[in-house]
Amino acid sequence: MDPIRPEFELLDSAGLEYHRWVADVETTLVAKDYTATIKPSTAANAVPATEKEKSNALMFLKRHIDPNLLWGYHHLKTPKELWDALESHFGNIHDSLLPQLQVQWNEIRFLDYVKVNDFQKDMLQLQARLDFCGTKLTNAEMIQKTL
């Protein structure tokens with residue numbers, strides 16, 4: 001794999017997909033054996049991350065962040081600092097996202113779509129985001145919205 005090319009979507013400057021991005025990063029860091037660079041272990045026999053591992057993890061994180069967003073964090077020198085700063089900034093994104101998602105839910109209409117698949121895709125994405133924010137949509141609500 002090309003070392004410059006991102007392995008998954010970048011964290012956008014609005015942080016709308018922050019939690020999906022976190023899951024992708026954590027999975028990849030486990031595979032690369034860099035987890036200790038962002039989550040140091042408290043176990044007595046834990047080996048601390050080397051400077052090389054920290055540098056590789058920092059480069060990896062920066063490669064997966066939107067360049068416009070990265071400008072605000074370019075001064076951070078360790079992956080742990082960057083990880084914590086992003087979590088502090090986007091960790092509660094659902095609080096600000098919920099009102100916007102509720103407006104989208106109220107405005108989405110089946111008749112506004114040319115293709116059924118496009119409507120279904122947008123509905124499922126909206127359902128997943130609302131679920132992430134703590135608002136569960138029932139099957140009855142989904143059916144009612146379609147009708």
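Analyst: W71 counts as exposed because its relative accessibility is 62%, where exposed means over 50% relative accessible area, buried under 20% and partly exposed in between (1.4 Å probe, protein chains only). The model is predicted, so local features need pLDDT of at least 70 and side-chain atom pairs count only at pLDDT 80 or more, while totals for chains, interfaces and linings use all residues. Residues are numbered from 1 along each chain as its sequence is written, and side-chain values use heavy atoms, with hydrogens and water left out.

W71 is placed in the loop between α3 (67–70) and α4 (79–90); helices are DSSP runs (H or I, at least four residues) numbered from the N terminus. Between the C-alpha atoms of W71 and I143 there are 44 Å, and the two residues are 72 apart along the chain.

The axes of α2 (residues 51–63) and α4 come within 8 Å and cross at roughly 35°; axes are lines fitted to C-alpha atoms over the stretch in contact, with angles from 0 to 180 degrees between N-to-C directions. K54, A57, L58, L61 and K62 of α2 meet P79, L82 and W83 of α4, contact being heavy atoms within 4.5 Å. By class, this contact of α2 with α4 has six nonpolar, no polar and two charged residues.

A further helix pair is α6 (residues 116–132) and α7 (residues 139–146), whose axes come within 12 Å and cross at roughly 145°. Here F119, M123 and Q127 in α6 touch M142, K145 and T146 in α7. The contact of α6 with α7 comprises three nonpolar, two polar and one charged residues.

Charged pairs complete the picture. The structure holds 10 salt bridges, each a side-chain nitrogen of Lys or Arg within 4 Å of a carboxyl oxygen of Asp or Glu. In one of them R20 pairs with E9, the closest N and O atoms being 3.9 Å apart. R20 lies in helix α1 (residues 18–31) and E9 in the segment before α1, so the pair ties together parts that are 11 residues apart in sequence. R20 is partly exposed at 30% relative accessible area, whereas E9 is exposed at 56%. Both belong to a network of salt bridges that links E9, E17, R20, D24 and R129.

Another salt bridge joins the side chains of K39 and E26 (2.6 Å, N to O). K39 lies in the loop between α1 and α2 and E26 in helix α1, so this pair ties together parts that are 13 residues apart in sequence.

Methods: Helices (H or I, at least four residues) and strands (E, at least two) are DSSP runs, numbered from the N terminus. Ala, Val, Leu, Ile, Met, Phe, Trp, Tyr, Cys and Pro count as nonpolar, Asp, Glu, Lys and Arg as charged, and the others, Gly among them, as polar.
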